[in-house]
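Please work through the exercises below with the sequence and the structure open beside you, taking each solution one step at a time.

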Amino acid sequence: MKHTISILVENNAGVLARISGLFARRGFNIHSLAVGVTDDEKVSRVTIVANGDDYTLEQIEKQLNKLIDVIKVRTVKPDELLERELILVKVNCTAQQRHELISIAKITQAKISDISVDSMTLELSDNQPQLENFQELLRPYGIKEIVRTGTIAIQTGSASLRI
Amino acid sequence: MAKETITVAAAMVKALEKENIKHIFGYPGAAICPFFDELLRSEIKSILVRHEVNGGHSAGAYARITGKPAVCIATSGPGATNLITAIASAHMDSIPIVAITGQVVSGLVGRDAFQEADITGACEPFVKHSFLVKNADSIGEVIKKAFYIAGTGRPGPVLIDVPMDIQKQEIEFEYPESVEIRSYKPSFTGNKLQIKKAAEALKKSSKPLICAGGGVIAAGAGNELKTLSEMCDIPVISTMMGIGAISTSHKSYFGMLGVFGVRTAKLALKECDLLIALGARMSDRSVTDSSVFDGTTVIHIDVDPAEIGKNAPVNIPIVGDVKRITEQFTEELAPMRHEEWQAALRRSKQANAEKAAEELRGRNGSYVNPKSFIKALCGVLPSKCVICSDVGSNQIWAANNVELTDEGRFITSGGMGTMGYALPAAVGAKTADGSAEVVALCGDGSFQMCFMELATAVQHNINVKVVVFVNNYLGMVRELQDNNYGGRRTMVDLSGSPDYLKIAEAYGIGGETVTSDHQAESAVKRMAESVKPYLLQVMVDSNERSLLE
Ligand SMILES: Cc1ncc(C[n+]2csc(CCOP(=O)(O)OP(=O)(O)O)c2C)c(N)n1
């Protein structure tokens, strides 16, 4: 079962190592991990997408809470989950193919971020299934490079995760 | 108090004084020299151990006796890595130690400098928290937080790594009076509704049982446990870490459970209809088959929410301080009786005692029976005693045969099962409380992992008594090979080992060899009367087992 876990942490040195080490030790595989500072510069927010059964999830939440630098932990319920991930894809692109790729970008609402004689870099922020889809559409042109940021997530509605 | 301009090293010493530290266990090296140099000017007594791991164990035992965080110190690199086993052992057994290590100078950190080790990184899985001090001005806050974190909630080890240049830096220093860590707020009082629910469940139970773990001792909840057990007539069993939580001679105490536990304790766990797991994590050593919980209402009381539901199923979890919750729980209850249930357990205990006596009668007289030896030892020792046990068959003999009053303590490495623990633990325990009679019970393998600490005892006049059970084997592993590997013994023969009396003599320590049961009592008496360290070399049949069946 895939879980999306939001963690508010003190922005201290080593905190990410503590968190990722904990996941590894407790046998919880991390799919993706994204981290960034919040509106309070002393607090960072980590979003982890990971696999595990309910028992492991409960243990992971409790063990995370035991880390001194962890302020809050919340596993976002699937039906309240607003997820985004950013992807950058560099594809082969001849002059003849440019129009096709521009129309793919239009339909998928991706941005063309860079272009060269024989390549084009497209950028898209969306949820995971859409990104997979996008990747499939670009594959026939020959993907030169892909970078993904890892998922960030927020709860839908007015509830919020704050200190 | 006004701020003063001093070095970080001096500030560290001041901070320890403020934390009321009387002794530290340590080992020097270049990277921690600024600190030790300042310590010279303090009343704090420095005890030079002979290996850093032992300093960690000594600090651990010291903390177990005083109930407050104790301090061990090492230098960078190998000094720090030598501490790891002690830190990990303290972590497993929830023991509050503050370990301070020197680190190479800040500018060299990360460059694989001479004697550099990423000790905060290496210890991450084994600490409650750690600090790598990068900012000299933070030292007071770091130490204050370290003691607070180590000693509150579920106790555990905290590591502070201080680069050498930072130790020498001058700062404006004032030790903080208090700490506030917004992300660390351990629960103390138990949830009232849950406690009421637990009381209701207990009222319905006809065969309740308390399993006391190390958490009872850590919380100082022995009296509360006794009151609860006596008022509600509830039998008590314990985990290895819980031995001594209640007097072993208490009429409602039925021994240690688990793989190496006694039959009656296992029977009690199997037969009970309600279990109060009191500061016990019900680890795989205590419960091998979770089907024993089928049909049992489990009330789990623990300071650490992560222990709840981890190893045992739970019906009524209560999180908080074990002492406080036991008090709260008792307030909800009126006296009750479970005569039939207690009588059934007493019959089982009696039958087992007779069986054990029978075995003793038929045995080879040219060796000492370690089980009756331990009973004889406890008979001679004053009631205020600390028995420090090592790991191996000897640990099981000790666990199942020590006799302790409310004042007695049993100290061993439970969760980690670290060989070589007993002697340094005894050194720590005796340093913490000179009025207690402290005995280390060692296996001959285990003793050879730590006997250099005899020097520590001699140097610092620490009057510890040592018993070495000599069976010339790594007995517990040999037994495992006999049972599970078709008797193919390998790597367990201790041939080449020394005469332990001569070892003692080399350190100027007296002692004697005990070769048969009837010599035991008088030898133990001489040991107990000695005002200096004393060693008994106790010859044990190598066929002596640890498993009961
Ligand atoms: C540091 C360490 N290494 C290895 C072990 C594995 N081990 C458990 S019991 C044991 C044998 C202990 O031998 P000894 O101290 O002679 O005691 P005995 O079992 O003979 O009473 C060993 C090697 C351990 N527990 N700790």
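**Exercise 1: cysteines of chain B**

In this predicted model, Cys211(B) is buried, since its relative accessible area is 0%, and a value under 20% counts as buried. Work out how many disulfides there are over all chains, and how far the nearest cysteine sulfur lies from that of Cys211(B) and from that of Cys442(B).

Solution. Begin with the cut-off, by which two cysteine sulfur atoms must lie within 2.5 Å to form a disulfide; by this rule the count over all chains is zero. For Cys211(B), the nearest cysteine sulfur belongs to Cys272(B) and is 9.6 Å away, and Cys211(B) is accordingly in no disulfide.

**Exercise 2: a helix pair of chain B**

Determine how helix H3(B), residues 52-66, and helix H5(B), residues 84-92, are arranged, and which residues make their contact.

Solution. First take the geometry: the two helices pack at an angle of about 25°, and their axes are 7 Å apart. Because angles under 35 degrees count as roughly parallel, H3(B) is roughly parallel to H5(B). The handedness comes next, and the crossing of H3(B) and H5(B) is right-handed. Then list the residues in contact, which are Val53(B), Gly56(B) and His57(B) on H3(B), together with Thr85(B), Ala86(B) and Ser89(B) on H5(B).

How values were computed. Residues are numbered from 1 along each chain as its sequence is written. Chains are lettered from A and ligands numbered from 1 in the order in which they are written. This is a predicted model: local features need pLDDT of at least 70, side-chain atom pairs count only at pLDDT 80 or more; totals for chains, interfaces and linings use all residues. Side-chain values use heavy atoms; hydrogens and water are left out. Buried means under 20% relative accessible area, exposed over 50%, partly exposed in between (1.4 Å probe, protein chains only). Axes are lines fitted to C-alpha atoms, for helices over the stretch in contact, and angles run from 0 to 180 degrees between N-to-C directions. Helices (H or I, at least four residues) and strands (E, at least two) are DSSP runs, numbered from the N terminus. Angles under 35 degrees count as roughly parallel, over 145 as roughly antiparallel, 65 to 115 as roughly perpendicular and the rest as oblique. A crossing is left-handed if the near helix is turned anticlockwise from the far one by less than a right angle, and right-handed if clockwise. Contact means heavy atoms within 4.5 Å.
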